[in-house]
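Here are my notes on this model, point by point. Have the viewer open while you go through them.

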Amino acid sequence: MVPQRVKTRSVAAQKLLAPVGFLVMAATLIYFYHQSELHLFLPVDENPNGSQRNLVQRRPQARADGLSENFSFVIKVLAYDRLESVSRCLESLARADYVKDRVKLHVFIDHFQIEEQGSSPGAVNIDSKLKNAHQILEYVDKFDWKHGEKAIHYRTQNAGLQAQWLEAWWPSSEDEFAFIVEDDMVLSPLFYRYLRALIENYYYNPANSNPSIYGVSLQRPRFVGGKHGNKLKVDNDTRLFLYQMVGTWGQLLFPKPWKEFRLWYDMHKSKGIKPILEGMITTGWYRRKREKIWTPWFIKFIHSRGYYNIYTNFLLDRALSISYRDAGVNYGKNIGPDSHLMNSSDILDFDLWEMKPLKFMHWYDFCFQKVLPYRYVKKLDQLEPVLSLVHKQKTVILVNLFGVPDAIVRNLLCQFQKLGIQSYILLGGKSTLLDDLSRRGHAVIDTNKLIDDMATVGIMDHRVSRAKEMREALATTYIMNKSLQLGYSIWLTRANTFPIEDLFSISSNLKNDVLSLETKQHPRTEVLYFKSSVSTIKLWNNVFAGLMSKTQSSVVDDLPKGEHILAFHLRSSIIGVSFKMKSIDASVMMQVGSSAINPGNATSTVKILFWPSNKDADYVKKHLKDLNLWMVDDELACTSIVCHRL
């Protein structure tokens, strides 16, 4: 790309290039649309009244520039005992381009620590600290801020870094944004214009916003929070991406997530609940520094909610905010910046103001592993693209969630994370659960919507006995049939089974058409493997035909009491189909609550735990806890992060 200066073109040049720019932009959008791996699954407006079920934030009337009429921006500077640092920081803020906006500046000056009586080092040291504090206060008091209101909060006692951050801001509205700046930072003259453009594009633009985004970090991305995580690296063409980690060197906060966090923090702190998230490097920091730092609290909150932060990638260690890493709470001595500050006069080899649509941006978790949100199958033509994104060596795990409590489902997903199992799709009909799981990066299929999209929707009579179960069976059969026809081998299981080890990976070495974990001792576990073959396709064609023959009946005939519709038709359809079948030894399976299982032997010989579908969540939770296999907290979030390097 031809280098360019970061400045506004002349009006004449804009008019001359406008037609060309339009064509280039149109061609670019078409290209990215067809290259995107997610555009088929992003949230769309499905409600008759036009709302998007909270997936898009509604905003007040916009100004001509795309911002709300109530848009407000406040800079919060957190200072302590470093006069040189705070003066350097404030001067950089004053030099920034605020495009004639009114921007508030609030400076919070923390008081030095006063030693308890009997431990004071002496009056001379106190006088020195007082003199330093008053010099900082005098400098800030006289500092000329021409861009809007200036306010100073000089604390009467030492609050510490955690309280400085947490007490700095309570949003006055959903249109007020806070940019938090620690005093050893320096900002680029371009920082405000850039943040303003991001707010316009990714907060106020209804087609481009997402409530899972909590803000923007201007620091150079440099840290992976998960232990043994992947190297923090994105391709050179990526300028913006989403990453769960908070960035404290220039963090813009969106109002609603910050309010939510403050209330969450208040509840947890009041109840004595600690921000422990095993597998995170920051948890080690908390254990050493305790309440001196605030980031472990925010990280635990972000993890529980599944929220993300926008980051920049300007290459060559460039950033719009840098930290001098002066001696203080985080550093024992002055270290200096590790990034290069971008300036208005810099010649860049990219377009700083290019901001791609959100649906083309990459998302990364705390391990810096790519997350693919909104892989949500609601229509027949969405199944094949999702299968292509999920499979591992042409094998997919279908997990049936019907009748399984949310807590059990989420605990199972934590075990999948621990074992590194990723090639799964969750089948269910509970839209609130599926919406949240999809947002968090799990591939899901809404079987109710899938059935409604089938040509047979007019055939299904809701007066059919067990109609809900019939729809579940019909949708599962269609998915199995279609997947096998596309060449994908399938593991079919239910969420009332719990793998101790990743048995699903053995399928790459299997030569049999069908592998069954359905033994005489445990006939209802429904853990089955179907290799894509002529025989298995014929089998599921027969199942589908058998189910379709029942959709017009007022009753489900020939079905033994307690028999699941799908299991019955699967067994009935096996007759007349020739295929190679193998059963796994029953010793690898054990029922939860069995007297033969205990914490000492649960993970040595048993590979899969299971429980009858009529057992409630408390029963399952109790027994899994006894085996140290309960992995979610009271908010149903995983209690640990487990990274698997790629």
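1. Ground rules. This is a predicted model, in which local features need pLDDT of at least 70 and side-chain atom pairs count only at pLDDT 80 or more, while totals for chains, interfaces and linings use all residues. Residues are numbered from 1 along each chain as its sequence is written, and side-chain values use heavy atoms, with hydrogens and water left out.

2. The chain overall. The protein chain has 16 helices and 27 strands; these are DSSP runs numbered from the N terminus, with helices being H or I of at least four residues and strands E of at least two. Of its 646 residues, 52% count as buried (buried is under 20% relative accessible area, exposed over 50%, partly exposed in between, with a 1.4 Å probe and protein chains only). The accessible surface comes to about 30,100 Å², and 52% of that belongs to carbon and sulfur atoms; areas are from the Shrake-Rupley method with a 1.4 Å probe, and for residues only the protein chains shown count as cover.

3. Contacts. Taking contacts in the protein chain with a separation of 6 or more, 77% are between residues 24 or more positions apart. A contact here means heavy atoms within 4.5 Å.

4. Disulfide count. Defining a disulfide as a pair of cysteine sulfur atoms within 2.5 Å, the count is 2. With the bonded cysteines numbered in sequence order, they pair 1-4 and 2-3.

5. Cysteine 367 with cysteine 643. The sulfur atoms of this disulfide are 2.0 Å apart. The torsion about the S-S bond is about -85 degrees, so the link is left-handed. Cysteine 367 lies in the loop between strand E15 (363–364) and strand E16 (370–371), and cysteine 643 in the segment after helix H16 (617–626), so the pair ties together parts 276 residues apart in sequence. Both cysteine 367 and cysteine 643 are buried.

6. Cysteine 414 with cysteine 638. Here too the sulfur atoms of the disulfide are 2.0 Å apart. This pair links distant parts of the chain, with cysteine 414 in helix H10 (residues 406–419) and cysteine 638 in the segment after H16, 224 residues apart. The link is left-handed, with -100 degrees about the S-S bond. Both cysteine 414 and cysteine 638 are buried.

7. Helix H6. Pro255, Pro257, Trp258, Phe261, Trp264, Tyr265 and His268 of H6 are buried. Their cover includes helix H4 (160–166), strand E5 (176–182) and helix H8 (295–305). Just after H6, glycine 272 takes a positive phi of about 75 degrees.

8. Positive phi without glycine. Most residues other than glycine have a negative phi. Histidine 228 has a positive phi of about 60 degrees and is in the loop between E7 and strand E8 (240–243). Histidine 228 is exposed, with a relative accessible area of 60%.
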